[in-house]
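Here is my notebook from a first look around this structure.

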Amino acid sequence: MKILGISCGRRMSNTEILVKEALMGAEAAGAEVEFVRLHDYKLKPCTGCNACVVDLLEKSGSGKCTIRDDDFALIDEKILDCDGMIVGSPIYEKSPSGLLKTLNDRMGPSHDLAFRTIAKQIRTAKNITTGTGPDERSFKQRAASLIAVGGSEWDTLALPMLHLFALPMQFEVVDKILANWVALPGSVTLRDDLLERARISGEHIVKSLSKDISEAEYIGKKGACPLCHSDVVEIRNGNEAKCGICGVVGTLNMVDGTMKLDVTDEAKAHSHVLLSGKFEHARELNEVSLKKADNAHEIPEKLKKYRAYLAASK
């Protein structure tokens, strides 16, 4: 069993310390561990070309990114090879590091487990033996622990956006830690409570992977959403609300003094943390976004207006 620690913070920062403490817990529990500092790698932003999705859904290929002149392939290999991830990031303006978002954009569509499953099914059904299909390591059960590190209560989107990194690849999030009020470099070493909490998280991810992932227990703070434990919800009509992370829709109700999102079994199937919800998303893309309109031939002519207008400043 291999656990990969990813820090999106500075060298020997509070984030790196907590990720390493969690890795120590995982190693003590019997796992092989590896540590990656994201700032050590060169990552280019996603261009939104959609080539990875088209390759998976239309060509049943591997979904490989067309950007090749950076270190993405190195990070991709480490993530595919691991069984569990411990991902930590400092909090900048209520959110994780922008570098993590860059990696998330590059991995999200191309590594979506539903997209990769569809590509694999097509290859099997058509007996396609040429070319390269999705990496088989994508389909093993995997788990993740998330750690957000900040200096104040400005933390609203930190853990939710960390969760979005694990979501497409179907990592089961078994723990989330919000470590606040540790802004000064190295100050987390004075917080025995946070160090112990991180170590427990590392031990727990190994425990979760030692059995069927469906039996994994979530040990973080329980959130309003019963599926992904997020407290970020979008209020719709009245008390109807949608989870900002997994997209499940339910009703907000006060339960024992705490606001909870009540979700029906039928609605749960649409959640983005479940494969059923991911397959639904794939169908929507295939049938709407990626489907060519009958008048698609008019696009080149219509583009001329915008191509001729206002060149970009450089």
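I looked up K268 first: its relative accessible area is 28%, so K268 counts as partly exposed. This is a predicted model, so I treat every value here as computed. K268 forms a salt bridge with D265, and their closest N and O atoms are 3.8 Å apart. Both residues lie in helix α8 (residues 265-268), three residues apart, which is about one turn of the helix. D265 has a relative accessible area of 64%, so D265 is exposed.

How many salt bridges does the structure hold? I noted 22.

Next I turned to E21 and R199, a salt bridge whose closest N and O atoms are 3.0 Å apart. This pair links distant parts of the chain, with E21 in helix α1 and R199 in helix α7, 178 residues apart. Is E21 buried or exposed? Its relative accessibility is 15%, under the 20% cut-off, so E21 counts as buried. R199, at 25%, counts as partly exposed.

I then checked D69, which forms a salt bridge with K44; the closest N and O atoms are 2.6 Å apart. D69 lies in the loop between α2 (51-57) and α3 (72-81), and K44 in the loop between β2 and α2, so the pair ties together parts 25 residues apart in sequence. Both ends are partly exposed: D69 has a relative accessible area of 47%, and K44 has 29%.

I also found a network of salt bridges that links K2, E34, E77, K78, D81, D135 and R137.

**Helix α1**

I went back to α1 to check its length. At 1.5 Å a residue, its 15 residues (14-28) should span 21 Å, and the end C-alpha atoms are 21 Å apart, which agrees. Of those 15 residues, 11 are buried, so α1 is largely enclosed by the rest of the structure. Among the buried ones are I17, L18, V19 and L23. What covers the buried residues of α1? I listed strands β1 (2-7), β2 (32-37), β3 (84-90), β4 (143-149) and β5 (172-179), along with helix α7 (192-209), among the parts that do. After α1 comes G30, with a positive phi near 110°.

For C82, the nearest cysteine sulfur is that of C8, 14 Å away. C82 has 0% relative accessibility, so C82 counts as buried. C225 is in no disulfide either, and the sulfur of C246, its nearest, is 3.6 Å away. C225 is buried too, with a relative accessible area of 0%.

Definitions and conventions:
Residues are numbered from 1 along each chain as its sequence is written. This is a predicted model: local features need pLDDT of at least 70, side-chain atom pairs count only at pLDDT 80 or more; totals for chains, interfaces and linings use all residues. Side-chain values use heavy atoms; hydrogens and water are left out. Helices (H or I, at least four residues) and strands (E, at least two) are DSSP runs, numbered from the N terminus. The expected span of a helix is 1.5 Å times one less than its number of residues. Buried means under 20% relative accessible area, exposed over 50%, partly exposed in between (1.4 Å probe, protein chains only). Contact means heavy atoms within 4.5 Å. A disulfide is a pair of cysteine sulfur atoms within 2.5 Å. A salt bridge is a side-chain nitrogen of Lys or Arg within 4 Å of a carboxyl oxygen of Asp or Glu.
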